[in-house]
Amino acid sequence: MADQSDIIDTAGQDEAEIRTGLDRAIAGSTKVLAWAIFAAFLITVIEVFARYVFNSPTFWAHETTSFLIAGVFLIGGPVALARDKHIRVRMFYDSVSPRRRRMLDIFNSLVALMFFAGLAFASWIMVRKSWFNPSGALHLEGTGTSWNPPTPALLKLLVLICVVVMFVQTVFHLIAAIRRETPDTSATERGH
């Protein structure tokens, strides 16, 4: 059984992984975003009662819950990056020296920047097509149902926003990795 000091140490380690103010703000936003999941749950419960108890299904519940859950899912990318919980091959990463780990972080950040730049360009094309008609007039893409909310256009904009945020996060992480001193680099700089 873990004692209280182990629990406190573990909690402190989770906070240490948040590296920048932007990461802290994004990680903190999860407290607000959790309400979107609760709202989706509540809407689903309302729909079940409306459909099966009152035999009067709603026309908006499915699209609203899909929008809320998709939005939370998209924001998961910046949150995972903020908390440093993204996919990493720990077997290799943990087996190298701090200096090599720093080099892997720099390499990973450079590759991620290229990926996010390409993804941002592609998502901008999606946003432009979903927000403007061919003549250039503002016309948000809808779902095509009887309600026809503009959720596809809004989700495509959210993709673009999340990718741009992840690009900025990665720039900050790259700068931090370049500036980070490791036991190997600090000894080399002192001439030892």
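The model is predicted, so I kept to its rules: local features need pLDDT of at least 70, side-chain atom pairs count only at pLDDT 80 or more, and totals for chains, interfaces and linings use all residues. Numbering starts from 1 along each chain as its sequence is written, and side-chain values use heavy atoms, with hydrogens and water left out.

**Fold.** I looked up the secondary structure and got eight helices and zero strands. Helices here are DSSP runs of H or I with at least four residues, strands are E runs of at least two, and numbering goes from the N terminus. I then checked contacts (heavy atoms within 4.5 Å). Of those with a separation of 6 or more, 69% join residues 24 or more positions apart.

**Burial and surface.** I noted 28% of the 192 residues as buried; that means under 20% relative accessible area, with exposed over 50% and partly exposed in between (1.4 Å probe, protein chains only). The chain exposes about 12,800 Å², and carbon and sulfur atoms supply 68% of that. Areas are from Shrake-Rupley with a 1.4 Å probe, and for residues only the protein chains shown count as cover.

I also found a nonpolar surface patch: Trp35, Phe38, Phe41, Leu42 and Ile46, with about 550 Å² accessible together. Patch members need over 30% relative accessible area and no salt bridge; like charges are joined within 9 Å, nonpolar side chains (Val, Leu, Ile, Met, Phe, Trp, Tyr) within 5 Å. Phe38 sits in helix α3, residues 30–53, and is partly exposed at 42%.

**Salt bridges.** How many salt bridges did I get? The count is three, using a side-chain nitrogen of Lys or Arg within 4 Å of a carboxyl oxygen of Asp or Glu.

- Glu47 pairs with Arg51, closest N and O atoms 2.8 Å apart. They are four residues apart in helix α3, so about one helical turn separates them. Glu47 is buried at 12%, while Arg51 is partly exposed at 37%.
- Asp105 meets Arg180 at 2.7 Å, N to O. Asp105 is in helix α6 (98–131) and Arg180 in the loop between α7 (151–179) and α8 (183–190), so the pair ties together parts 75 residues apart in sequence. I have Asp105 as buried at 11% and Arg180 as partly exposed at 33%.
- Glu141 pairs with Lys156, closest N and O atoms 2.8 Å apart. Glu141 is in the loop between α6 and α7 and Lys156 in helix α7, so this pair ties together parts 15 residues apart in sequence. Glu141 is partly exposed at 30%, and Lys156 is partly exposed at 23%.
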